[in-house]
Amino acid sequence: MQSLVCYKTLPVWKHDSIPSAFQQAHNTKQGTWAKLHILKGELDFAMLTEQGEIISNHHFSVTEQPPLVEPQAWHRIVAFSDDIECQLSFHCQSDQLFTQKYQLTPTHSEILAAQPYLQGGKALDVGCGSGRNALFLSQQGFEVDAWDVNTQSLQRLEQIIQAEQITNIHIQLRDLNLNQQIEKQYDFIYCTVVMMFLLASTVPPLILQMQQATKSGGYNLIVCAMDSEDYPVQADFPFSFKSGELKTLYQGWKILKYNENVGELHRTDEQGHRIKQRFATLFAQKV
């Protein structure tokens with residue numbers, strides 16, 4: 001397991017300020033470890049089943065501190081001394097720091113899947129949004145240029161960059177429908193769930209620019225919605241790939257992954273269910 005890092009620490013609690021919610025059965029969320037540090041006094045603590053049944057009881061103090069509570073483990077504070085002072089902090093694996101700390105959408109699964117092939121260098125994030133992928137790659141040693149047309153998304157990413165004193169992400173306001181020119185050479189260029197929001201006339205020249213701006217031995221990753229008989233493309237997507245179309249554009253490259261699997265959009269239908277859509281996913285190396 002990766003090393004854990006603290007992403008949030010709550011104010012010190014005393015006898016009258018321990019929240020009632022923590023005295024009831026509750027669990028840590030997925031990907032989060034909880035650490036209660038006792039500064040003064042003592043308390044009783046119970047580990048529970050999801051149904052609230054007691055698995056084990058524990059007594060903790062300044063000299064006998066509670067261990068880390070694992071993700072999704074049910075527990076509660078049972079009792080505490082009048083002089084109790086304690087502080088709760090939340091921890092996550094290092095590659096989930098920005099996701100947890102800033103409530104970002106998790107790093108795209110295809111970025112994570114591509115990681116074993118990537119050796120750092122220069123990366124271009126084509127449509128970075130609030131920076132979920134750029135921030136992850138910055139942790140992996142990449143120098144990342146992050147482009148997006150949404151000023152609010154870029155402002156949020158800039159705030160994170162400033163707060164974390166990150167020096168290897170460089171943001172740029174860029175409308176790809178007006179300017180697809182990629183001036184530098186990169187080891188990794190990726191565009192995940194962005195192309196379907198671009199004009200259809202934008203995508204072929206953009207992909208050509210991505211290919212030309214990729215160093216020999218470098219990689220491209222594209223994930224984009226498709227239009228298929230079983231899953232017609234969403235009506236408001238200006239662009240979508242047909243079956244086999246994206247793969248054809250990468251003839252001459254080494255195709256490391258290509259599929260046209262069904263996935264889910266972040267948007268939901270009238271019943272609140274995530275809308276399913278077929279996606280073209282390509283990860284390829286320039287030879």
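Among contacts (heavy atoms within 4.5 Å) between residues at least 6 apart in sequence, 72% join residues at least 24 apart. This is a predicted model: local features need pLDDT of at least 70, side-chain atom pairs count only at pLDDT 80 or more, and totals for chains, interfaces and linings use all residues. Residues are numbered from 1 along each chain as its sequence is written, and side-chain values use heavy atoms, with hydrogens and water left out.

## Exercise 1: the overall layout

Describe the protein by its elements, its spans and its domains.

Solution. 
- Step 1. Take the elements: 6 helices and 16 strands. These are DSSP runs, numbered from the N terminus (helices H or I, at least four residues; strands E, at least two).
- Step 2. Take the spans along the principal axes: the C-alpha trace covers about 70 × 45 × 35 Å.
- Step 3. Take burial: 46% of the 287 residues count as buried. Buried means under 20% relative accessible area, exposed over 50%, and partly exposed in between (1.4 Å probe, protein chains only).
- Step 4. The C-alpha centres of the two domains lie 40 Å apart.

## Exercise 2: helix α4

Work out the span of α4, its buried side and its ends.

Solution. 
- Step 1. Helix α4 covers residues 151–164, which is 14 residues. The expected span is 1.5 Å times one less than the number of residues. That gives 20 Å, and the end C-alpha atoms are 20 Å apart, so the two agree.
- Step 2. Ser153, Leu154, Leu157, Ile160 and Ile161 of α4 are buried. They cover an arc of only 120° around the axis, so they sit on the same side of α4. The arc is that of the directions from the helix axis to the C-beta atoms.
- Step 3. On the other side, Gln152, Gln155, Gln159, Gln162 and Ala163 are exposed.
- Step 4. The cover over the buried residues of α4 includes α1 (97–101), α3 (132–139), β10 (142–148) and β11 (169–173).
- Step 5. At the N-terminal end, Asn150 is the cap: a side-chain oxygen lies 2.9 Å from the backbone nitrogen of Gln152. Gln165 follows α4, with a positive phi near 55°.

## Exercise 3: positive phi in loops

Solution. 
- Step 1. Recall the background: most residues other than glycine have a negative phi.
- Step 2. Gln72 lies in the loop between β6 (54–61) and β7 (74–80). At 47% relative accessibility, Gln72 counts as partly exposed.
- Step 3. Gln103 lies in the loop between α1 and α2 (109–114). Gln103 is exposed, with a relative accessible area of 58%.

Conventions
A polar contact is a pair of N or O atoms within 3.5 Å; within protein, one must be able to donate a hydrogen and the other to accept it, and residues adjacent in sequence count only if both atoms are side-chain atoms. Domain bounds come from an automatic or database domain assignment.
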